[in-house]
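Trainee: I've just opened this one and could use a guide. Can we go through it together, one question at a time?

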Amino acid sequence: MTTQTPLLSVEDLTVAFGENRVVENLSFTVEAGQTVAVVGESGSGKSMTSLSIMRLTDNLGAHFKSGKIMFEGRDLAQATQKEMRSIRGNEIAMIFQEPMTSLNPVFTVGDQISEAILLHENVSRAVAEDKVRQLLEMVRLPDAANLMKRYPHQLSGGMRQRAMIAMALACRPKLLIADEPTTALDVTIQAQILTIMRDLQRELGMGMIFITHDMGVVAEMADHVVVMWKGRKVEEGPVREIFANPQHPYTRTLLSAVPRLGSMKGERLPKRRPLTVLEDGQPKVVGEERVQDTVRTDEPLLSVEDMLVRFDIRKNFFGKVTHRLSAVSKVSFDVYPGETLALVGESGSGKSTIGRTIQQLQRAQSGVIRVRGKSFADMSSAELFKMRQEVQYIFQDPFASLDPRKTVGFSIAEPIHTHGLIGDRKQVTKRVHELLERVGLPSAVASRYPHEFSGGQRQRICIARALASNPKLIIADEALSALDVSIQAQIINLFMDLQADLGLSYLFISHDLAVVEQMSHRVAVLYLGQIMEMGSRQQIFEQTSHPYTKRLLSAVPIADPAFDRAEIRIEGEIPNPVRRVGDEPAILGHDEISPGHFVARGA
Amino acid sequence: MATYLFKRILQAIFVVIVITLFVSYAVRLTGDPAVMMFAGGGGSMSEADLERVRAALGTDKPFYLQYFEFLKGLVTFDLGRSFAGGAPVSGLIAAAAPSTLKLAFVSMLVSIVMSIPLGIWAAVSRGKAADQMIRIFSLVGVSFPNFWLATMLVLLFSIALGLLPPSGMGSFESYIMPTLTMGIILTATNVRLVRTAMLETLQSQYVMVARAKGLSESKVLYKHALRNCAIPLITYFGLQFGGMLGGLVVIEKVFSWPGLGTLAFDAVNARDYPVLQAVITVLALLIVAVNLIVDIAYGLVDPRIRLE
Amino acid sequence: EGTVTVSVPQDPASWDPIDTFLVAWAAVATNIYDGLTYRGPDMEIVPGLAESWEELDDGKRIRFKLRQNVKFHNGEEFNAEAVKFTFDRLLGDEGAKGPQRSNYTSIESVEIIDPFTVDFKLNAPDPVLLTKLAGYGAMIVPPKYVQEQGEAFNLNPVGTGAFKFVSYNPKVDIKLEANPDYWGGAPKISELNYRFISEPSTAVAELQAGRIDIVVPPTIPIAMIPVIEGASNLEVVSVPGPTVDALRFNTRDGITTDLKVRQAIIMSVDRATIVEAILAGQASEIVSFQSALSFGHDPELQGLPYDPEGAKKLLAEAGIPQGAPLQIDIRSNDASMNEVAQVIVSYLQAVGLNPTIKPYETSTLISDIIPQGKTGAMFQQKWGGWTFDYDNTAYAMYHTGEQWNPYGNDPELDRLLESQRPLTDRNEREKVLKEIGKYVADQALELPLYNTNAIYGVSKRVKNFVAAPDNRLKLNEITVE
Amino acid sequence: MATTTARRSRFYNLEFIIGASLTAIICFGVLFSEVLFPGGATKVDLAARLTAPFTNWTHPFGTDPLGRDVLARVLAGGKVSLLVGVVSVIGAVLLGVVLGLVAGYYRGFWDMLLMRFADIQLALPFILLAMTFVAIVGPSLTNTIILLIVSEWVKYARLVRGQVLTLREREFVLSARAIGVTNWRIIFQHLLPNLLGPVIVLMTLNVANNILLESSLTFLGLGIDPSTPSWGGMLADGRTYLQTAWWVSVFPGLAILLTVLGLNLLGDWLRDSLDPSGRSSRP
Ligand SMILES: Nc1ncnc2c1ncn2[C@@H]1O[C@H](COP(=O)(O)OP(=O)(O)OP(=O)(O)O)[C@@H](O)[C@H]1O
Ligand SMILES: Nc1ncnc2c1ncn2[C@@H]1O[C@H](COP(=O)(O)OP(=O)(O)OP(=O)(O)O)[C@@H](O)[C@H]1O
Ligand SMILES: [Mg+2]
Ligand SMILES: [Mg+2]
C-alpha cells in the first residue's frame, strides 16, 4: 500500500516454552491502515504471536529464541518491560481471545475500561466514565450507564467480549491486535462491531492484526492474510489472492472446509459431509456423505416449559429488589432423542442461561423442565444423578470451566469416575486417550494442565469431557467457536456420527449460522429472552418469517472477498432487558404458521 | 442487608451468652476469689473469714443466680464492681479498651503496611535474593517469642541508643516499640501469606490483560492481583486482629501497657469474676464485630460472594 | 525538691486500707497514711500518730495518747474521733467485706477517753497488735471525708502521711506530692510517682533508662542483679526481708508420711550451694520457717545437715525403693523457685528418688490445691510474714484446721501454738515460739529453704536511701540530685 | 514435552533438597539426643553454670543457669517441642480445613453455627481456655496437644471458608457439579487443592507458634515438668538472662528457626508442586 516503513514488522520470530517451539521463524509486516488477518490451525501459535508483540509472553515463562519485533523503529523484543508499558494499551492494544477469563472478576466493567482511559489520557474521572458509556453504547451494549456498574460474571459471553473490545478501542491505538474478537457475538452485532473497527481504522490509520477462524470475517475485513500451521507461516498474500488461489495444501484444506450459508438449500434434514483433510501434504476428501435422519419423535428427551429466569440487579438497603433483568421469559421447547435443536439469537438473549438452568446451575423462577417426561422436581436424587450423566453441558468459556490444578486427563476422566462408567484404571486412561484423539489432540497432552493449551485446544478438551460420560443430550454452548474450520468440520462430523450411532441429542447454542444450517434439525431463534421463531431448519432458513431472523441471516459474513456487501449499521435504541420490578416485559404469544413453525406475535 | 445484619445481631447475642456462660462457669472451677484476697499478705484466713468475704462478694450464691445477676447487669449497663479494689467495672473497661484497641489497630496497620509490599515483592521476585531475605526475616519473626523480640528492641532502642521509652503508654514514641514488636510478629506470617496468595493470582489471564492495558506494574499488582487474592488475606487479618485483642497480654505486660489483656490477666489471677466476665463480653462483641466486618468485606472484595 | 519515680510490681486497685493485703499497697500507702505506731526499716516499733501508749488490764486494754495538731490532707483534724471511726469501720460492716479485718479481731472496741486519748479494749491480749497497728488496715482515715466519698474513697485516698494523693491511673501509676505540713517534717522531695510494672525485665530496663529511680521488691530477679551492678549509675541495695520459702511435706499420703523419708529428703539437699549459686547469695538458709528478723527465731536451732549418704541410709531404713516417685508442686511464675526446684530434683535423684515438678498457676495452687489438700508429696510455700512474728506464720501453717495446713493435725503442736497467744510476757512467748520451731524441725514438717533478701534497684541520684525489709518504703527522708 | 524451564526446576529441587535435609538433620539430632549426649540434658552442674558458648569443647553452646549443657538440652528439647508443634498443627489443620470446607461449601445453618463457634473460640483468651482445660482434665503432653488443636482450628477453618466462598462460585466448580461430581469429591478434589497454598504457609509457620505456645502453657501451670527440656520453655526461662547470658535463649530460638525454615522450604515445595501454573511461569 504505502512505501514507507511498515508500522510493525515481525522478523524471524521464534517463541518457545523451554525447548518447545510454539512459533517458529515467523515474519510478517503490518502497515498503518492495513488489516492483516492471521488464520490457521488451532494451536498453531497465533495467540502466542500476538502476546509476543505485546511482550506479555515474559510472564508466561515463554522466551524468544530468535527474531525482532520492529514497531515504529524500536525492537520490542529487546525493550524493557518499562518501555513496553508506555506502548501497551496506548500504541498497541489487544483484544484477548477468551473474554470470560480476561476480565477481572472483582472489578466492575466500567472500572476496567475507564482505567485504561484514565491511564493514557489526561482526563477527569467523570469524563472517562462518560467516554466509557459512549464506548459501551457503541458496541451496542444495552443500558450502558448501569451496565458499567455491573461485574463480569453478570454479563453474557458476548457482552463480555464487547466490553473487552471497548477496552481495547478506548485509547485509539496505532496497532490493534484482535485475537478472535467476535467469537461470542451474533452476526448482527458482529457486523456492527466490524464496521466500527473499520471506521476507526480509517479514521486513525490504525494497523490491525486480526486473528480469526471465520473465513467470512477474513474476507470482509482483511487486506492481507497470513496463514499459520504448526507454528510456522505457510502462506501469505493479499486477501483476494489467498481466497482465489491458495497455494499451500493447508490453506486449500482450510478453505475447502469453510461452511457456507445456503449450501444446504432444499434439504429437509441436516447432512453429514465428507471431510477435507491434509494427507501426505495434499488435501484429500474422506468420509461419506450421509443424511442425518436420526430423530425419534415418540417422546421428547428434554422438554422445557415456560422457563422464566430473572436476575435481581438492584436492591435497596432492606434487601428489596427494585430492578430485575429478564434473561429468559417463558421459553418452551422440546428436544427429541437423536435431534439437534439449535439455539441462535442475539448476544445476551439468554441462551447460556437456558443451558445453565437445564443443568440446574441456575435457579428458574418458574417453569418445568422434564427429562423423559419426568420433571426435576419429581426426581429422586438417584435420578438427578443419572440425569447429570445423561445431560452434559459444554461451557461457553472452556478455560474457566477446567480446574486449573488438575491435568486435563483428570478432568476428562472425572465424569467416568463419577458415574462409575468404567471400573478399570487402565481402561479409563485408554478411554481418555481415545477421546482426546477423537477431538484432534494427541493423547500425550492428557498430563498437561489447562493453562498450557491454546483456546481452541481447551475447547476440544471440554468437548472430550462432555463425551466422556456417554451422554444422551449435550448442551453445547458455543462449543465450536474457537476452532479453525477444518477442526470444526471434524468435530461436527464427530457429533453427527455419535448422533447416528448412539442417538445423541444436542441443544446446540451457536452464532455460526452456517454450522447451524448444516447440523441442526430444528432451530429456535431467541431475542431478549423470548423465542421469536422456531421451526425446522428448512422452515427457518428458507421460509424465514420473523423480521429478527431475517436480519440475522442477512448479516452473515460471506467467505468471499469479492462479494461486496453494504455495510450494516444498526441504529436506534438498544433494547434494555433490565426493568423495574412491576414493569416486566410483555410475554409474546406464538402463532403456528405451518406445522411445527412458530413465530412470535406482534414484534 | 438489613435482615442480614439483624440476623447477625441475634447470633451475636447467642455468642455472648454461650461464651460468658462458659467463662463464668469455668473460672469458678479453678479457685476462690475470697482466698485470693487474703493471699499476698500474711493474714490468717479462717473459714469464717472466707465465708464473710464470700457473702460480701456474692460468690456464696448458687451459680445460676450469679449468672443471672450478670446478665441483668449487661442489660442494664451496670457491670458491677471489681472484686479487687471495688472499682466500677465499666470504668476499668472504658479505660483499658481504648489502649488495647489503639495498640491493636496500629500494630495491624504497621503489619499491613509492611507485609503487603514485602509479600508482593517476594512473589514477583520469587526464588531470588529478595524473596529469600524476606523469608529469613519472616522466620526470625515467628521463631522467637514476642517477649524475646520485645526485650531485644528495648535493649537496642532504650538502653543502647536511649531513643525510646522502654515502657508505658503516652507519647507518640511510646507506641513505636509495642507496635513494632507486634508488627514484626504479625508481618512475619502475613508476608508469607501475601506472597503465596499473590503467586496464585499472578498467573491469571486478567493480570495479563491489565498489563496489556499498559498499567504500571504497581497498579497491576496492587489493584488487579491483590484484590483477587484478598479473601485469604482479609480473613487472616481479621483473625489476627481478633486474636490480638485477647492475646496482647504479653506485649501489654512487657511494655506496661494498661489494656484489656492486662485487665483480663489480672482478673484471672485474682479470680475477679465481674471484671473477667465483662472483659470477655467486650472481647466477644469486638470479635463478632470484626468477623462481621470480614464477612461483609468478602462481598465487597468479591462480588460473586453473596451474603446469606 | 525533685521527683522520684518508683516501680511497684502490682496495682492494688484500691487505696482503701481495709481492702487489700498486697505488699504493693503498703509500699505506696505508707507514704499516704500513718498508723498509730510506725515500724521503720530498723524494725523498731516507734510512735506514729500515737505519741505514747501503755498497756492496762493485763494487756487487755491499751491506752494511746494521740499526737496533736495533725491534719489530714483534706484539712480534717486528726483526733480520737478519727481513730475510733477508723477501727469501727474496719471491724464493722465495711470491714467485713475485706480481708484486713481478720488481723484485728482481738480488738473488741475503741473508746474515746478525751479528744486525744483512746483506749483499745481487747478480747484477749494480743502481743502482735502494736506491730499490726503500724500497717495495713490500721491506717487512720479521715471520718468525714470517708463518709462523704463512700466507695470513691478507694480511688481518692486521704491520710495524714508525708505525701498527698494527686492522681491515680488504674494499672498505670499513682502520683503523690509532698505534704509540707507533715507532722514528721516536710519531705525532701516534692513529687513521688509510683508506676505499676509487673514485668521484672521492664522495670529493670526502665531503671537502666533512668526513667525510674527505685525498683521495689520482689521485682528484680536474681538473674538481673549483674545487669544493675554493671551499670555505673545504678546500685543494688538488699536487706534480709521477711519472705521465706520452704517445700512442705504432704504428711497424709505417700512416702512422705514417714518421718525418716522427710528427714532423708532434707538431708539430701545442699541449701548452702543453692543459696550461693542460684540465688547469688541474696538469701540466707533457714532452719525454721521464718526469717532471722522474726520474733521467735532461734539462732541456736540446728537443722539437719547436708548428708546424702545419711539420707540414702535413712531411705533404705524406711524401705523406700530406688526411683520412688515424688511430686513437687511449685508456683509456675516463680522463676527462682523453678530453678531451685530443678536443682532439688537433681539432689533427690542423687539419693535415688525420682522426683517430678508440677508447676501450678499461682492462684490455683494457693486457693485450691493447697487448701484442698490436693498437692503432691511436696509443695512450695512462700510466706511474707510481714508482722515479723513467728506466731503469724506458725499458727497458719501448723494449727489444725487452718487453710494453709491441709494435712497436719498434731494436738501437741496445736497446744503449743495456742499456749503462746495470750502471753504478754515477751520472753516467755519467745521461748514457746522457739519450742514450736524446734518441734516442727524435729518432725521435719517441711524442707526449709531460705529467706530471700528484699532486693532494691536504686539509681545513684537518690541519696539517703534506706532499704526497708518489708517493702514499706517511707520516702520522706530521701533526696535526689 | 518439557513444561519446566531448566532454571526453575533446579531451584525447585534445591528448595526440596535443602528443606528435606534440614528437617532430617533436626529430626535425627532430636531422636538421637540421648545417644549423643547421655544424660546431658538434665545433668545439673552448678559449678559450670552459665558458661559462655564456644569457649570449651565440653559445652560448645555454653551452659544454662543450672550448668546444664545447652546443646544437649536443645537437642533433647526438640522431642517435646516437635511433637507438640507438629502434631498440634496437623490436628488443627485437619479439623479446621474440613470444617472450613464444609461451612463454606454448604453455607446455611452449619456455616452459621460453625462460624459462631469460631467467634466464641476467638473471643476466649488462650490463657483462660488453658486454665479451665487443665482444671478439668489435668496437665499432660496429650492434653497440651489437644488444647492447642482446640484453640487453633478456628484459624484454618475461617481461612479455608473464606476461600471456599469465592471458589464455589467459580465456573470449574459449577462444571464439576454439572457433571454430577459428588459434593465430597468437589470439596476434596477441586476446592481443597485450590486453597491449600495459604493453608500450607500458615501451617509451617504455626509450628513455631505452637512450640512457643507450649512454653506459655508451662508458665500457666498447664505445662509439663520444667526439668523436661523444650525449646519454648528454654526461651521462656532464658528471658531474664537476655542481658547477661544470651545463649540460653538464642540457641533454642535458632533451633525453632531452623526447624521452621526446613518445614517452610518443604511447604513451598509442596505448594509449588500443587500449583501447575507456577511451574512454567518462571523466567
Ligand atoms: N503456558 C504454556 N505452556 C506450554 N505450552 C503452551 C502454553 N501456552 C500455549 N502453549 C502451546 O503453544 C501452542 C500455541 O498456542 P496459541 O495459543 O498461540 O495457539 P493459537 O494459534 O492461538 O490457537 P487457537 O486458535 O486454538 O487459540 C499450542 O500448541 C499450545 O499448546
Ligand atoms: N449472574 C447474573 N447476574 C445478572 N445478570 C446475568 C447473570 N448472568 C447472566 N445475566 C444476564 O442475563 C442475560 C442473558 O445472559 P446469557 O449469558 O444467557 O446470554 P447469551 O444468550 O448466552 O449471550 P452470549 O451469546 O453473549 O453468550 C444477559 O443480559 C446477562 O447480562
Ligand atoms: Mg489462540
Ligand atoms: Mg452465552
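Trainee: Which chains have the most contacts among the five pairs that touch?

Mentor: Keep in mind that this is a predicted model. Five pairs of chains touch. Of those, the most contacts are between chains B and D.

Trainee: How many residues does the contact take from chain B and from chain D, and what area do they bury between them?

Mentor: The contact takes 64 residues from chain B and 63 residues from chain D. Carbon and sulfur atoms carry 70% of the buried area. The area that chain B and chain D bury between them comes to about 5,700 Å².

Trainee: What about charges there: which side chains meet in a salt bridge at 2.6 Å?

Mentor: Across the interface of chain B and chain D there are six salt bridges. There are also 10 residue pairs in polar contact, both at pLDDT 80 or more. The salt bridge at 2.6 Å, N to O, joins Arg192(B) and Asp268(D).

Trainee: And by class, what residues does the side of chain B that touches chain D have?

Mentor: Several helices of chain B each supply at least two residues of that side, including helix H1 (2-27), helix H8 (173-202) and helix H14 (273-301). Sorted by class, the side of chain B that touches chain D has 13 charged, 13 polar and 38 nonpolar residues.

Trainee: How many helices and strands does chain D have?

Mentor: Reading along the sequence of chain D, you get the pattern α-α-α-α-α-α-α-α-α-α-α. Its C-alpha atoms fill a box of roughly 75 × 55 × 30 Å along the principal axes. The count for chain D is 11 helices and zero strands.

Trainee: What share of the residues in chain D is buried?

Mentor: Look at the contacts in chain D with a separation of 6 or more: residues 24 or more positions apart account for 74% of them. Chain D has 283 residues, and the buried share is 67%.

Trainee: Over to chain A. How far apart are the closest C-alpha atoms of chain A and chain C?

Mentor: Chain A does have a partner in chain B, with 33 residues of chain A in contact with 24 residues of chain B. No contact joins chain A and chain C, though. The closest C-alpha atoms of chain A and chain C lie apart by 44 Å.

Trainee: What does the side chain of Glu115(A) meet in a salt bridge?

Mentor: The interface of chain A and chain B has five salt bridges. One of them lies at 2.9 Å, N to O, and there Glu115(A) meets Lys223(B).

Trainee: Which helix gives the most to the side of chain A that touches chain B?

Mentor: Between chain A and chain B there are 11 residue pairs in polar contact, both at pLDDT 80 or more. With six residues, the one that gives the most is H4(A).

Trainee: Now the metals. Which residues coordinate the magnesium ion (ligand 3)?

Mentor: The two donors are an OG and an OE1 atom, at 1.9 to 2.2 Å. One residue lies in helix H1 of chain A and the other in the loop between strand E6 (92-95) and H3, so the pair ties together parts 50 residues apart in sequence. The residues are Ser47(A) and Gln97(A).

Trainee: And the protein donors of the magnesium ion (ligand 4), what are they?

Mentor: They lie 1.9 to 2.1 Å from the ion. One residue is in helix H12 (residues 351-358) of chain A, and the other, 44 residues apart from it, is in the loop between strand E20 (391-394) and helix H14 (408-418). The donors are Ser352(A) (OG) and Gln396(A) (OE1).

Trainee: Last one: is Met397(C) buried or exposed?

Mentor: Met397(C) is found in helix H13 (residues 390-398) of chain C. Among the residues it touches are Arg248(C), Trp383(C) and Asn405(C). With a relative accessible area of 0%, Met397(C) is buried.

Definitions and conventions: Residues are numbered from 1 along each chain as its sequence is written. Chains are lettered from A and ligands numbered from 1 in the order in which they are written. Side-chain values use heavy atoms; hydrogens and water are left out. Contact means heavy atoms within 4.5 Å. A salt bridge is a side-chain nitrogen of Lys or Arg within 4 Å of a carboxyl oxygen of Asp or Glu. A polar contact is a pair of N or O atoms within 3.5 Å; within protein, one must be able to donate a hydrogen and the other to accept it, and residues adjacent in sequence count only if both atoms are side-chain atoms. Helices (H or I, at least four residues) and strands (E, at least two) are DSSP runs, numbered from the N terminus. Buried means under 20% relative accessible area, exposed over 50%, partly exposed in between (1.4 Å probe, protein chains only). Donors are N, O and S atoms within 2.8 Å of the metal (3.2 Å for Na, K and Ca); water is not among the atoms, so sites may look incomplete. Buried area is the accessible area (1.4 Å probe) that two parts lose on being put together, summed over both. Ala, Val, Leu, Ile, Met, Phe, Trp, Tyr, Cys and Pro count as nonpolar, Asp, Glu, Lys and Arg as charged, and the others, Gly among them, as polar. Lists of a residue's contacts leave out its neighbours within four places in sequence.
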